[in-house]
Amino acid sequence: MSLELDELSFRQRLLQNPMTLDDEMKRYLEKHPEKLETVKKIKAFEDRLVEVMQIEVPEGLQDRIILKNGFEPLEASASTGRNPSEMNASDLSESAFSRSDGWWNRLAMFAASFLVVLIGGWLWFQPLAVDPTTAVQQEALHMESAVVDHIIAHAKEQPEIMAKDGPELTDKELHKVFKYVGATLNKPIDFMSYAGGCEVDGQKGLHIVLQEEEGPVTIIVLPHRQLGVMYSFNQKGFKGQIIPVKGAVVAIVGQTDKQLAMAQMHFFKSVTFG
Amino acid sequence: MKVKTSMTEPGRFFEKLVKAYAKDLYRVAYWLSKDRHVAEDLVQETFSRAWKSIDKLKDEHAAKAWLMTILRRENARRFEKKQPEWLEIEDALLEGDARYQPTAKMEQQQLYQAMMKLDMEFKEPLVMQVIWGFSGEEIARELGLKLATVNTRLFRARQQLKQALSPNDERVENTGERS
């Protein structure tokens, strides 16, 4: 039979784990019901502690992790510590992600779900082909043409901004242009080589270039424009997405789906809207 | 949260691990590093390493301890090239989050700051218990300490936080065992 707890031991155990009362503690409480008040107070304190510790997690964190590792093949024999001869043929011939059906489709799905999280529920995807006459689609088509024309014009007139060592803005100028479009630059955008103001379709916006692995990607942010849906396009050799965010739209334009996915991840990891 | 293991499809299993643990792992990383960007980098690195060795993993319960071990190792690496530490303020507390009324907000801010200032030897087991859901035994195993030492640290962690909020509260002297 165990010894009865004294007050000090009871309080110590309570502070070690306030959410779990063991049998000895319960017996102590039966004998000392006045201590229930102490238990209540310490549990209330614990609730506050839990609340403080549950800090907000960045939007899209899970999708970014999955996205990032989707491009990294499994280093089968080196990482597992197993002898390659012990592995199945499939272990050695394919990465684990590619073993599951259609990894690229899954990647696109993750990217899309990240965006859904990003715009807080007032974005949903629907194929534009369903009804080509809606106002939303016309607006999307208009934006697509304006953005693509703008990028082509830039490529002709200012090819240097697509280069890796494009003209640089100071930190102050950088924050100013982001602020102008209602965005906050929380930390430097990975692989960003250029950022500056621009004018698209008669409207001032933000023009960014990211040097992704397969080549430069242009991101244009147009404030005060809205689009009810996320829109993808393929025009004049460019692949692009127009993504509605709080108070603006973000157009991401490159050459390949992988470029777009990576640029999207790098941009939204550092920039928030609203 | 339970994760159903399917080792025949590491990609899917990895995805489930991320969905189940990334958020809490980020919170643990945040309290250990005191910096949001460092926390995200730590979590990304942890999962990258986990992904590269996913075939080693046998079951869900092992995954939880495994991720924590990788995270702590990655965090320790940061100190090989020592950087100055910054104290962040929780945005929700600064920006008038609806959860916090003025008085409650002030108390939560105090508690937040007290957590930030808590010594790592006390904060680490506390975070593992409260956020990660580890038992005393699991914390002891992870930290390579005796259970009695872990219990003492958990007790002292909470005691210090309470003291920071109410300095005049009665103090219970620690008589816990030491390893």
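These exercises work through a predicted model, with a solution after each task.

**Exercise 1. Helix packing in chain B**

Find how H1(B) and H2(B) are oriented to each other, and which residues make their contact.

Step 1. Locate the helices. H1 of chain B covers residues 10–33, and H2 of chain B covers residues 36–52.

Step 2. Take the axes. They come within 8 Å and cross at roughly 140°.

Step 3. Classify the angle. Over 145 degrees would count as roughly antiparallel. H1(B) and H2(B) are therefore oblique to each other.

Step 4. Assign the hand. The crossing of H1(B) past H2(B) is right-handed.

Step 5. List the contact. H1(B) contributes residues including B:Phe14, B:Leu17, B:Tyr26 and B:Ser33. Among those from H2(B) are B:Arg36, B:Glu40, B:Phe47 and B:Trp51.

Step 6. The contact residues comprise 15 nonpolar, two polar and two charged.

**Exercise 2. The contact between chains A and B**

How many residues does each chain bring to the contact, and which elements of chain A take part?

Step 1. Count each side. Chain A gives 35 residues and chain B gives 45 residues.

Step 2. Find the elements. In chain A, those giving two or more residues are helices H1 (7–16), H3 (36–53), H4 (61–70), H5 (76–80) and H7 (96–99).

Step 3. Sort the chain A side. It divides into 17 nonpolar, ten polar and eight charged residues.

**Exercise 3. The fold of chain A**

Describe chain A by its elements, burial and contact range.

Step 1. Count elements. Chain A has eleven helices and eight strands.

Step 2. Check burial. Of its 274 residues, 33% count as buried.

Step 3. Check range. Take contacts in chain A between residues at least 6 apart in sequence; 61% of them join residues at least 24 apart.

Terms used. Residues numbered from 1 in each chain as written. Chains lettered and ligands numbered in written order. Predicted model: local features only at pLDDT ≥ 70, side-chain atom pairs only at ≥ 80, totals over all residues. Axes fitted to C-alpha atoms, helices over the stretch in contact; angles between N-to-C directions. Helix = DSSP H or I, 4+ residues; strand = E, 2+ residues; numbered from the N terminus. Parallel < 35°, antiparallel > 145°, perpendicular 65-115°, else oblique. Left-handed = near helix turned anticlockwise from the far one by under 90°. Contact = placed C-beta atoms within 7 Å. Nonpolar A, V, L, I, M, F, W, Y, C, P; charged D, E, K, R; others polar. Buried ≥ 20, exposed ≤ 12 C-beta atoms within 10 Å, placed from the backbone.
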